[in-house]
Amino acid sequence: MNFFDRLHDRIRTVDSVVSVGLDPDQSRIPDHLAEYDLPRWAFNRRIIDATHEHAAAFKPNAAFYEDPDGWRALEETVAYAHGKDVPVLLDAKRADIGNTTRQYAKILETVDAITVNPYMGRDSLQPFLSNEEAGIFVLCRTSNPGGEDLQDLELESGEPVYERIAALADLWNENDNVGLVVGATTPDELEEVREIVPDLPFLVPGVGAQGGDAEAAIEYGLADGVGLVNSSRGIIFAGENQGEQFAQASGQAARRLKERLNQYRE
């Protein structure tokens with residue numbers, strides 16, 4: 001089975017499309033974990049234990065692991081998540097040319113899926129796209145306010161850049177392994193992208209700390225029931241001021257988000 005087949009099974013098993021973002025900002029990790037050899041791993045392990053029954057996937061962001069101890073923490077995190085039968089999507093937004101992008105794509109030997117940046121064109125993504133078992137989420141319309149600086153620019157054809165990206169991603173989906181990143185903070189554009197690509201699963205960030213539209217995320221984010229709605233800070237730091245009980249609060253936050261989203265799932 002490819003990634004989206006496995007994700008489909010995971011969604012059915014836990015009755016959830018929640019993606020839990022594992023972004024262990026070291027300035028926000030509880031003080032009592034500082035004594036551990038790898039505090040980020042100690043933090044993530046507790047978050048995984050508390051949230052895995054509500055998680056369709058875990059989504060670590062590479063930016064929080066880009067140092068020697070961080071990569072060790074990430075490896076432990078991925079292995080532990082897999083031990084809980086939860087797929088791991090690395091939010092790395094990779095792409096480059098030639099042997100550089102081939103090197104980037106080797107991370108798919110460790111994680112199940114990855115986010116990629118399409119702005120250098122298809123050749124920059126080919127090593128990812130050719131991996132039939134992995135999931136490749138192409139940045140399309142992101143949830144940050146500045147996304148409109150480039151993504152909303154109108155082409156000569158009259159379509160905005162993000163719509164062209166959606167159409168290209170559909171063409172690139174020769175191995176049925178491509179999805180799109182489309183933010184919940186722009187629900188009208190989320191709907192427009194869904195009309196262009198009716199069959200691609202979406203990774204929908206922005207529901208949580210960014211206040212995105214949960215109903216739109218479900219209505220337009222899922223393709224045949226498959227897709228992910230991500231929350232990072234809203235879950236993992238839900239118990240930020242609760243000391244050693246922080247993970248319990250995270251588990252409750254993940255369950256609440258699952259229940260909130262399931263109101264709109266068929």
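The side chain of N177 reaches the backbone oxygen of N131 at 2.8 Å. This comes from a predicted model. N177 sits in the loop between helix 7 and strand 6. Its relative accessible area is 0%, so N177 is buried. Leaving aside neighbours within four places in sequence, N177 is in contact with F4, F128, L129, N131, E132, A134, G135 and I136.

**Helix 7**

Helix 7 covers residues 161-172. Its 12 residues should span 16 Å at 1.5 Å a residue, and its end C-alpha atoms are 16 Å apart, so the two agree. Which residues of helix 7 are buried? They are V161, Y162, E163, I165, A166, A169 and W172. An α-helix has 3.6 residues a turn, so residues three or four places apart point the same way.

**Strands 1 and 2**

Strand 1 (residues 18-22) pairs with strand 2 in the parallel sense, over 4 bridges. V20 has F58 as its bridge partner in strand 2.

Strand 2 spans residues 57-60. A57 and K59 point one way, F58 and P60 the other way, and all are buried. In a regular strand the side chains alternate between the two faces of the sheet.

**The core**

The largest nonpolar core has 85 residues. V20, F137, L180, V193 and F202 touch the most other members. In soluble globular proteins, nonpolar side chains tend to be buried together. What does V20 touch, not counting residues up to four places away in sequence? The list is I47, T51, A55, A57, F58, K59, N230, S231, I235 and I236. F58, the bridge partner of V20, is among them.

**D91 and its lysines**

D91 lies in strand 3 (residues 89-94). Is D91 buried or exposed? Its relative accessibility is 9%, under the 20% cut-off, so D91 counts as buried. The D91 side chain makes a polar contact with the side chain of K59, a buried residue of strand 2. Another polar contact joins the side chains of D91 and K93. Not counting residues up to four places away in sequence, D91 touches K59, P60, N61, A62 and T115.

D67 is found in the loop between strand 2 and helix 3 (68-83). Its relative accessibility is 27%, so D67 counts as partly exposed. A polar atom of the D67 side chain lies 3.2 Å from the backbone nitrogen of D69. The C-alpha atoms of D67 and R260 are separated by 36 Å, and these residues are 193 residues apart along the chain.

N262 is in helix 11 (residues 246-262). The side chain of N262 makes a polar contact with the side chain of R265. The C-alpha atoms of N262 and S27, 235 residues apart along the chain, are separated by 33 Å.

| Side chain | Partner side chain | Distance |
|---|---|---|
| D91 | K59 | 2.9 Å |
| D91 | K93 | 2.7 Å |
| N262 | R265 | 2.8 Å |

How values were computed: Residues numbered from 1 in each chain as written. Predicted model: local features only at pLDDT ≥ 70, side-chain atom pairs only at ≥ 80, totals over all residues. Heavy atoms only, no water. Buried < 20%, exposed > 50% of the residue type's maximum accessible area, 1.4 Å probe, protein only. Helix = DSSP H or I, 4+ residues; strand = E, 2+ residues; numbered from the N terminus. Pairing = 2+ DSSP bridges. Expected span 1.5 Å × (residues − 1). Core = buried A, V, L, I, M, F, W, Y, C linked by side-chain atoms within 4.5 Å. Contact = heavy atoms within 4.5 Å. Polar contact = N/O pair within 3.5 Å; in protein donor to acceptor, adjacent residues only side chain to side chain.
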